[in-house]
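Open the model in your viewer and get ready to select residues.

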Amino acid sequence: MLKETPLPTTVRPRHYQKLSERLRQFMAENHFRDGDKLPPERALAESFGVSRNSVREAIHALAERGLLESRHGDGTYVRVPDMEPLRSAILEAVDSEGHLFDEVMEYRRILEPAVAELAALRRTPEQLDRLKIIACDQQRRILI
């Protein structure tokens, strides 16, 4: 008789995944741009209070997403993905199929309120604080 293994009810992010997000936030807060070099792994590990292996895994995860580039013996560099091909493809699809735009907007009107509700329910106090700062910054830019 086979023994059933219970499936986990929630999938918890691995340590390096959380670290990847912290690293992305670090890059944004410190205004890293395309081509900028990140501090060495050792410095990042000390700064985040984690092992160098965790930093390596987080860097690898971000590199797979095209946000970082590791150069053996030279360090890790920020990469800004080229969004132009995607933008062009979307515009071409909308231009060639005028009705597609209406369908996309209808889909968004159905889907986005539910997504926004989930985001609001699952947000952390830190995320809410960050969102307030962003909203204030945008309001200030409108008034200038």
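Select E21, R24 and R65. These residues are linked in a network of salt bridges. A salt bridge here means a side-chain nitrogen of Lys or Arg within 4 Å of a carboxyl oxygen of Asp or Glu. Side chains of opposite charge can pair when their charged atoms come close.

Before going on, a word on what is on screen. This is a predicted model, where local features need pLDDT of at least 70, side-chain atom pairs count only at pLDDT 80 or more, and totals for chains, interfaces and linings use all residues. Residues are numbered from 1 along each chain as its sequence is written, and side-chain values use heavy atoms, with hydrogens and water left out.

**Stop 1: E21 and R24.** Zoom in on this pair. Their salt bridge has an N to O distance of 3.8 Å. How far apart are R24 and E21 in helix α1? They are three residues apart, so about one helical turn separates them. Helices (H or I, at least four residues) and strands (E, at least two) are DSSP runs, numbered from the N terminus.

**Stop 2: E21 and R65.** E21 lies in helix α1 and R65 in the loop between α3 and β1 (68–71), so the pair ties together parts that are 44 residues apart in sequence. Now show the surface. Buried means under 20% relative accessible area, exposed over 50%, and partly exposed in between (1.4 Å probe, protein chains only). E21 is partly exposed at 41%. R24 is partly exposed at 34%. R65 is partly exposed at 46%.

**Stop 3: R52 and E41.** Select these two next. Their side chains form a salt bridge of 3.9 Å, N to O. R52 sits in helix α3 and E41 in helix α2, eleven residues apart. R52 is partly exposed at 35%, and E41 is partly exposed at 22%. The model has seven salt bridges by this rule.

**Stop 4: the core.** A nonpolar core is a set of buried Ala, Val, Leu, Ile, Met, Phe, Trp, Tyr and Cys residues joined through side-chain atoms within 4.5 Å. Select L23, L44, F48, V55 and L68. Of the 16 residues in the largest core, these touch the most other members. Helices α1 (15–29), α2 (41–48) and α3 (52–64) each supply at least two residues of this core.

**Stop 5: L68.** Center on L68. Which residues does L68 contact, leaving aside neighbours within four places in sequence? Among them are L23, M27, L38, I59 and Y77. Contact means heavy atoms within 4.5 Å.
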